[in-house]
Amino acid sequence: MATINDNYLKLKAGYLFPEIARRVNEFAKSNPDASIIRLGIGDVTEPLPEACRTAMIQAVEDMGDRSLFKGYGPEQGYEWLREAIAKNDFQARGCEIDASEIFISDGSKCDCGNILDIFGNNNTIAVTDPVYPVYVDTNVMAGHTGDANERGEYGGLVYLPINAANDFTAQIPTHKVDLIYLCFPNNPTGAVATKEHLQAWVSYAKAHGSIIFFDAAYEAFITDPSLPHSIYEIEGARDCAIEFRSFSKNAGFTGTRCALTVVPKTLTGKAADGSDIELWKLWNRRQSTKFNGVSYIVQRGAEAVYSPAGKAQIQELVGFYMKNAQIIRDRLSAAGLQVYGGVNAPYVWVQTPDGLSSWDFFDKLLHNCNVVGTPGSGFGAAGEGYFRISAFNSRANVEAAMDRISEKFKA
Ligand code: MLT
């Protein structure tokens with residue numbers, strides 16, 4: 001009889017977002033007339049920028065032309081896209097990142113999980129609490145943890161609490177951890193990191209030989225010019241950090257799929273015999289073996305993000321969602337709720353009123369306002385008593401949701 005990966009049995013019931021969808025579908029089935037507004041999962045609603053669509057349409061035409069047709073592309077991504085990213089996202093901000101250090105992929109969620117393939121099984125792993133659940137669940141699946149306790153915390157992981165008292169930025173550990181997941185702008189709290197905060201992490205990682213997994217999927221939503229968009233803006237980060245980025249949220253590619261991972265060639269890890277091995281070589285080997293690249297059509301669409309028209313359209317799109325975030329913040333504050341985030345990030349982190357648990361507040365909003373958010377406890381034990389509202393929706397839906405919540409919570 002074939003055996004299974006028993007680590008999957010350690011996972012909590014369902015991945016957070018399918019679990020929310022299940023509950024919402026159940027509610028919708030018994031309340032067919034309810035007009036439900038979904039501000040739960042951070043999925044974009046606005047159409048793809050015209051520059052991207054035009055480039056993709058042209059790419060489809062290329063595929064119909066024998067002389068331009070493309071079969072398998074490079075597993076690392078096409079050179080022209082990697083060059084555009086290196087120049088615009090990194091070199092323009094003073095980061096020494098070369099196109100050859102960029103790997104195009106079909107999503108940063110996938111890459112955050114896949115990256116574990118190139119690391120050993122005995123690393124000490126630190127995550128913030130609350131945290132994007134993918135970081136935790138992929139480590140559970142890979143057998144890097146023990147069982148979960150009654151709070152849902154897995155044995156063997158180091159949880160770094162983030163809360164209002166520390167501005168939702170984790171304190172640097174006093175002991176050694178090998179792998180550290182950081183996400184800024186933060187999902188779920190909407191917090192951001194200053195250069196000084198990231199510098200402290202880089203210094204820590206360099207002192208301990210640790211690797212930082214830096215998830216910058218929401219960097220485009222930073223409005224404060226003093227804040228870093230990339231960890232490579234920090235001196236020394238080339239020696240201790242891998243960065244994940246995505247076209248999902250800035251350019252509306254959640255359904256189109258395109259992202260990137262940066263693995264500097266200066267980054268090394270230890271082999272069992274104590275020698276230093278370049279992580280770039282391992283990731284390149286992994287991608288060449290397990291991945292056949294993102295489609296030519298989609299990569300052409302992503303390249304258009306860096307054209308003058310693309311840049312202007314992306315700015316407009318990001319500005320649109322950030323206006324939604326501001327409306328959410330303002331309206332919820334006016335309704336007497338304590339809110340965080342939503343200034344340099346598309347997520348607003350709300351303290352649940354009257355001591356309600358995160359899931360009780362979820363039910364209350366769903367049943368009384370027909371509005372869906374994400375319970376903070378779904379992101380970890382320290383998220384209990386909080387609730388995440390996403391700014392990714394149409395203006396009309398955001399305003400209607402805020403009207404309903406304001407009505408419910410008015411004094
Ligand atoms: C979220 O809502 O946290 C995100 O949509 C998840 C993701 O990007 O995978």
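This is a predicted model: local features need pLDDT of at least 70, side-chain atom pairs count only at pLDDT 80 or more; totals for chains, interfaces and linings use all residues.

Analyst: Happy to. Residues are numbered from 1 along each chain as its sequence is written, and side-chain values use heavy atoms, with hydrogens and water left out.

Let's start with the helix itself. Helices (H or I, at least four residues) and strands (E, at least two) are DSSP runs, numbered from the N terminus. Helix α5 covers residues 133-141 and is largely enclosed by the rest of the structure, because eight of its nine residues are buried (under 20% relative accessible area, with a 1.4 Å probe and protein chains only). The buried set is P133, V134, Y135, V136, D137, T138, N139 and V140.

The loop between β6 (211-215) and β7 (241-246) holds S230, which counts as buried because its relative accessibility is 0%. Leaving aside residues up to four places away in sequence, S230 touches F90, C95, F214, E243 and R245. With E243 there is a side-chain to side-chain polar contact at 2.9 Å (a pair of N or O atoms within 3.5 Å; within protein, one must be able to donate a hydrogen and the other to accept it, and residues adjacent in sequence count only if both atoms are side-chain atoms).

Now the ligand. Its surroundings, meaning residues with a heavy atom within 4 Å, include Y132, N187, G42 and R388. A polar side-chain atom of Y132 comes to 2.5 Å from a ligand oxygen atom. For N187, a polar side-chain atom lies 2.8 Å from an oxygen atom of the ligand, whereas G42 uses a backbone N or O atom, at 2.6 Å from a ligand oxygen. The ligand taken alone exposes 270 Å², of which the protein buries 85% (accessible areas by the Shrake-Rupley method, 1.4 Å probe).

In α8 (residues 296-303), the buried residues are Y296, V298, Q299, G301 and A302, and they pack against α2 (50-63), α3 (79-90) and β2 (102-105). Q299 counts as buried because its relative accessibility is 0%. Among the residues that Q299 touches are W80, L81 and I104.

One last stop is N370, in the loop between α10 (358-369) and β13 (371-372). At 17% relative accessibility, N370 counts as buried. The C-alpha atoms of N370 and I36 are 4.8 Å apart, although 334 residues separate the two along the chain. Beyond I36, the residues that N370 touches include F27, A34 and R404. Its side chain also reaches the backbone oxygen of L366 at 2.9 Å.

Key
Buried means under 20% relative accessible area, exposed over 50%, partly exposed in between (1.4 Å probe, protein chains only). Contact means heavy atoms within 4.5 Å.
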